[in-house]
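Visitor: I have a structure open and would like to talk it through with someone. Could you take me round?
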Amino acid sequence: MAVIEVEGLVKRYKRAKEPSVKSVSFEVAEGEFFAFLGPNGAGKTTTISILTTTLSKTAGRVQIAGYDIDSQDRQVRDHIGIIFQRPNLDRTLTAEENIRIHACLYGMYAYRPTYKAMPAGYRQQVEQLASIVGVGDSLFKRVSKLSGGMQRKFEVVRALTHTPHVLFLDEPTQGLDAVARRDLWEYLDRVRRECGTTIFLTTHYIDEAEGADTVCLIDRGQIALSCPPAEMKRRLGAETLEDAYVDYLRRHGSGTEAEGPALYSGSGRTGGGRRGRGL
Amino acid sequence: MSAELTEGLVGGPGRRGLPDTSARMSRVAREINAAVTVAARDITLTVKSPGMLAMSLIMPLMMMGLIGGNLMQNMAGGLSFGFGRFMLVGMLINMMFMMTTMGMTSLVDDSDGDYSAELLVSPVSRYAIVVGKIIGSSFMAIVSCLGVLAVGLVMGLTLEPWHLLALAALAPLMCLSGGALAMIVMGVIKKNKTANMAVMLLTMPQMFLSGVIIPISQSSGLLWLLSRIMPMTYCVDLGRAVVYAGSPEYDAVVLFNPAVNLACVAAITAICLVAGTVLYARSEKNR
């Protein structure tokens, strides 16, 4: 069953000559790890912003967990979690205070001014989550005192507190060192495996998409390719996903002389509005 | 390990052992809880920022101690009522209104620090967020009011306990009014510097045109018109109507019937709150 359904999505920003997203269609199945890749300015963040209800669309239809993003935006927000491109924990507060505010905004618990005053269920949940991610010792530290990797882990904890159906990760490892990146992915893999959470990822670290069920490549606002990583590598004759990605962009991507992206729908669930010459 | 992770994420049964997200609080309870949460966050931030607390206390010292004190000593001799009490009530209302208005710039601060994204993707109405912000901003206003009372005490100006209670009862409306007015600005401005400037332009003229420290009963022409369109005029006048009720100075001090003041404050607040929130929500989403 599709947990994300996007049909003919178009976004034209105010005063922009060209739409940033041009009639994009795709589906993501429940529990799927969906990697949404593309060069800068391709339309990734625009698409993810529309899917997470923070940006209005110009045309098209989008449903998340069965809810329409226009008429049922609150239900949509109830079922999604987001790790934003830029870390956005409140730096003046402690990590626990950030998580507490999140849990209360999502209606999980009535707000209490101190950690001790919160219900036992909340305290147990937060302590277990923090210890699993390996940040238990830093729970009550000010966010401004934590490293970038630690802050990202707490953002994951925060985003998962309300157990979303879909977790949107907008370049989640940007600015993290190799160890922190690996730690974060190990945890995210466990979340997906054990909780069945659907993951929608955008990233510039293409190796992070190697384990994805589907790789969807967007270029100049259109979906150029959507298929499993193995198929993408086979079609482009590349050993790694990164090689395949770079090879595709060199041949067809923005900055080349090609008029538009080479369009190909590999899974049959995805489209870029028109069929192109394929890979 | 699996059970450990699942337990960490959940509190009850649902999808793969996860709780059903829709089966939490009722919608009304959730909205109230969200407003309380947003307010509590702002209050916590204020408490953790000694600079902000210091500013809340320095403001009354400057405005009432320096400007008001000077006026009281040099220009208030010919008035038919005691200027000290007139100014004390005006400054209390002014602080409730002005500090809440200024506190609302935290909405723009949140945008700058990307925190607003966390608020905007949460499944609560924009009104809950805005009302929470106004309540949170009111905390600074209350601290400033305590500063006004302390400065007043030094200047030998006091109010009866029941007058203080009456003003405390009016405080939520005054703060809401100031916060709602600020929303008109916050709805369209996204830059911190511009927002701070706009709020200053919104509040400073009102301090002089709304009769906070300078009586406006003799204003005419453009100044008369401006004083009548300033929302704070009705807030200050309502506060004075409560404090001066039954006193011989009432007619010289109070401009309008309290019912007119109340109706004007309520109407302006409602219009600003709705229009400001709609503008805020739209400007975030419609780009």
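**Chain A, then a helix pair in chain B**

Guide: In chain A, which has 279 residues, 52% of the residues are buried; please keep in mind that this is a predicted model.

Visitor: What secondary structure does chain A have?

Guide: Chain A is made up of eight helices and ten strands, and its C-alpha atoms fill a box of roughly 60 × 40 × 35 Å along the principal axes.

Visitor: What is the radius of gyration, and what would a compact globule have?

Guide: Chain A has a radius of gyration of 19 Å, which agrees with the value near 19 Å for a compact globule of 279 residues. Among the contacts with a separation of 6 or more in chain A, 68% link residues 24 or more positions apart.

Visitor: And the pLDDT of chain A, what does it average?

Guide: The average for chain A is 85, and 90% of the residues score at least 70, but over residues 265-279 of chain A the pLDDT stays under 50. The model has 42 contacts beyond four places in sequence for that stretch, though where pLDDT is low, the predicted coordinates should not be read in detail.

Visitor: Which residues other than glycine have a positive phi?

Guide: Ser23(A) is one of them, with phi near 45 degrees, and Arg220(A) is another, with a phi of about 50 degrees. Ser23(A) sits in strand β2 (residues 21-29) of chain A, whereas Arg220(A) lies in the loop between β9 (214-219) and β10 (222-227) of chain A.

Visitor: Why does Arg220(A) count as buried?

Guide: Arg220(A) counts as buried because it has 22 C-beta neighbours inside 10 Å, and the cut-off for buried is 20 or more. Ser23(A) has 18 such neighbours and therefore counts as partly exposed.

Visitor: Changing topic, where is Trp185(A)?

Guide: Trp185(A) is in helix α6 (residues 178-195) of chain A, and with 16 C-beta neighbours inside 10 Å it counts as partly exposed. Phe168(A) is 17 residues from Trp185(A) in sequence, and their C-alpha atoms are 14 Å apart in space.

Visitor: Over to chain B: at what angle do α8(B) and α13(B) cross?

Guide: Helix α8 (residues 161-186) and helix α13 (residues 258-285) of chain B cross at roughly 35 degrees, with their axes coming within 7 Å, and the crossing is left-handed.

Visitor: Which residues meet there?

Guide: From α8(B) they include Leu173(B), Leu176(B) and Ile184(B), and from α13(B) they include Val265(B), Ile268(B) and Tyr280(B). By class, the contact has 13 nonpolar, four polar and no charged residues.

Key:
Residues are numbered from 1 along each chain as its sequence is written. Chains are lettered from A and ligands numbered from 1 in the order in which they are written. This is a predicted model: local features need pLDDT of at least 70, side-chain atom pairs count only at pLDDT 80 or more; totals for chains, interfaces and linings use all residues. Axes are lines fitted to C-alpha atoms, for helices over the stretch in contact, and angles run from 0 to 180 degrees between N-to-C directions. Helices (H or I, at least four residues) and strands (E, at least two) are DSSP runs, numbered from the N terminus. A crossing is left-handed if the near helix is turned anticlockwise from the far one by less than a right angle, and right-handed if clockwise. Two residues are in contact if their C-beta atoms, placed from the backbone, lie within 7 Å. Ala, Val, Leu, Ile, Met, Phe, Trp, Tyr, Cys and Pro count as nonpolar, Asp, Glu, Lys and Arg as charged, and the others, Gly among them, as polar. pLDDT is the predictor's confidence in each residue, from 0 to 100. The radius of gyration is taken over C-alpha atoms; the globule rule is 2.2 Å times the number of residues to the power 0.38. A residue is buried if 20 or more other C-beta atoms lie within 10 Å of its own, exposed if 12 or fewer, and partly exposed in between; C-beta atoms are placed from the backbone.
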